[in-house]
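Please look through the structure first.

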Amino acid sequence: MPVFDLSTTPLRELNSALHTLSKGANDTAFEIVNPRGSHAVAVGIDSPVSVEVRGSVGYYCAGMNDGGTVTVKGSAGPGVAENMMSGTVVIEGDASQYAGATGRGGLLVIKGNAASRCGISMKGIDIVVHGNIGHMSAFMGQSGHLVVLGDAGDALGDSLYEAKLFVRGTVKSLGADCIEKELRPEHLEKLAELLEKAGVTGVKPEEFKRYGSARKLYNFNIDNADAY
Amino acid sequence: MSYHNPLTPPRKSATFDDYTLAEIRRAAATGIYDIRGAGTKRKVPHFDDLLFLGASISRYPLEGYREKCDTSVVLGSRFARKPITLKTPITIAGMSFGALSGNAKEALGRGATIAGTSTTTGDGGMTDEERGHSQTLVYQYLPSRYGMNPKDLRRADAIEVVVGQGAKPGGGGMLLGQKISDRVANMRNLPKGIDQRSACRHPDWTGPDDLEIKILELREITDWEKPIYVKVGGARPYYDTALAVKAGADVVVLDGMQGGTAATQDVFIENVGMPTLACIRPAVQALQDLGMHRKVQLIISGGIRSGADVAKALALGADAVAIGTAALVAIGDNDPHWEEEYQKLGTTAGAYDDWHEGKDPAGITTQDPELMKRLDPVLAGRRLANYLKVMTLEAQTIARACGKNHLHNLEPEDLVALTIEASAMAQVPLAGTSWIPGKGGF
């Protein structure tokens, strides 16, 4: 297993190695030690590699991941797994702002808490947060699922499009055009699937409430101006 | 003899002129602000207010048909492993598929390629047609991230991180539902027919320190191959340029308030941002103060119409320019050929700016399949190439007259201003004087 020690190895060497794997390569499991908050760790992965990061990372870890499995044995800075296309990213600690921002696919699991704007502008990604999430999460979320086992901060789902939000705890406030919606059987099924994928045990889908778009702001109407 | 009191003619208010009165009535009737395309329509100091001096006893000219005047420009030489080289410093600005038809995007790619320059994607992602027809394609990285993906990042020739644009510094955008076809909706991951908001700021970074890390991420994803541009609207050109350089940009794109947009509030277009002319010298000064002039390239846009405008922008210190509105006009936008149809829309050729409504008679700012067919991308591409070549030739003509064997050798000393305002903004003397307002203590 290739091991990259970021206290002695330039970031460029790591990301370059992740991008140049030939099809059928044997060494597809990477270990990164001493990340020490480095930014842009394991970004632009474009093949089904697995990367284990032993420590905490800075901004944009696993950014634009497309098919890789990245596990961070620590916490992640802002923008973890931003614009993820596919694959899985697991943060064993907490995640800072914008976790999973604009993600188009794949699964992001945060075992601790996520700060503000988690899932901002999400476009198909699935995000499961074991703890709480901060304010303005799923702002302008277009599609995908955000599952929160704990509580959500202010203005959840503000200006939401078609992303589906599930919160088990309390929601401090809902954003413009975000409403609580019926939890139907297909949602329970999807929740069960996501909880299992995220390694959540002892929690039932029925414990969640679903939030989505009221779709009142989809086409501009001057009488809705107070909502913004 | 009877005496008649003389009548004075009716007098209208300069403050409440006909246009203002009509706008008040329109707002009262519709309950919505006016949304339109294009850039500012108000008169602001511009390149027309500058003149070149040409050669004289102390400067000798170059022969127009014999002596070479280079027009090439290299963009991205600071950090990128693969900088791009263009034959002409006139590039095509970012305009989205969605705002423009597929045929229009193809025409822009074809025209730019024939002329040896670059074209740019827009808010909505990269289409295969656009990539295929554009030899050099700049991929915009926008706040909405519509259509953003790493494969397209890697097949781009350069990446432009868009912070703002001249028509609306600090503003986002809105593509109204009537232009959201199945294909546009699919590229943007949104349902068909709903208004699509484009955010005014990026979702995962704020401020110059974050931008530096964002640029690092983009460079790492693309293995440091691609030049990275940072585009800003004309607001605080000195500091924005300095901060973009600090954040690691290879190229700064600076768009003045005459720069166009697909759709924004008229009040925004007309009242926010600075004229292009006022932006250039502060940006160049920032580059010079940092020792980065000509190392980080500066692209100026917003109201560039002719080779004279190009030459003036370059003389003031830009490395290249970008055109948007002028390129659309070259391929057929607002053409009098469609006057009858413009009239039906309540407008006239030359004034049509409801680009967001998708009813463009010229088939350019529309997703209507029938209207789109009106634009032949091959012919339109040829027209754009012709226009780009004429502009390049015009700029060369002026440069040779000033004795310059490269457009980049033009300099502020070659220019004078016709008005005090232009003199102050461009920081060149008022014609016939040695006076520049604000310089030399007065």
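Chain B touches chain A through 22 residues, which meet 35 residues of chain A; two residues are in contact if their C-beta atoms, placed from the backbone, lie within 7 Å. This is a predicted model: local features need pLDDT of at least 70, side-chain atom pairs count only at pLDDT 80 or more, and totals for chains, interfaces and linings use all residues. Residues are numbered from 1 along each chain as its sequence is written, while chains are lettered from A and ligands numbered from 1 in the order in which they are written.

**Side of chain B that touches chain A**
- α6(B) gives the most to this side, with 5 residues.
- By class, the side has 11 nonpolar, 4 polar and 7 charged residues. Ala, Val, Leu, Ile, Met, Phe, Trp, Tyr, Cys and Pro count as nonpolar, Asp, Glu, Lys and Arg as charged, and the others, Gly among them, as polar.

**Chain B overall**
- Chain B has 15 helices and 16 strands. These are DSSP runs, numbered from the N terminus: helices are H or I with at least four residues, strands E with at least two.
- The C-alpha trace spans about 85 × 65 × 45 Å along its principal axes.
- Of the 442 residues in chain B, 55% are buried (20 or more other C-beta atoms within 10 Å of the residue's own, with C-beta atoms placed from the backbone).
- Among contacts in chain B with a separation of 6 or more, 67% join residues 24 or more positions apart.

**α6(B) with α7(B)**
- Helix α6 (residues 207-221) and helix α7 (residues 237-247) of chain B pack at about 40°, with axes 8 Å apart.
- The pair is therefore oblique.
- Pro208(B), Leu211(B), Glu212(B) and Ile215(B) of α6(B) make the contact with Leu243(B), Lys246(B) and Ala247(B) of α7(B).
- These contact residues comprise 5 nonpolar, no polar and 2 charged.

**α10(B) with α14(B)**
- Helix α10 (residues 307-315) and helix α14 (residues 377-401) of chain B pack at about 55°, with axes 7 Å apart.
- α10(B) is thus oblique to α14(B).
- On the α10(B) side, the contact residues are Gly307(B), Ala308(B), Val310(B) and Ala311(B).
- Their contact with α14(B) comprises 8 nonpolar, 3 polar and 1 charged residues.

**Helix terms**
- Axes are lines fitted to C-alpha atoms, for helices over the stretch in contact, and angles run from 0 to 180 degrees between N-to-C directions.
- Angles under 35 degrees count as roughly parallel, over 145 as roughly antiparallel, 65 to 115 as roughly perpendicular and the rest as oblique.

Definitions and conventions: A residue is buried if 20 or more other C-beta atoms lie within 10 Å of its own, exposed if 12 or fewer, and partly exposed in between; C-beta atoms are placed from the backbone.
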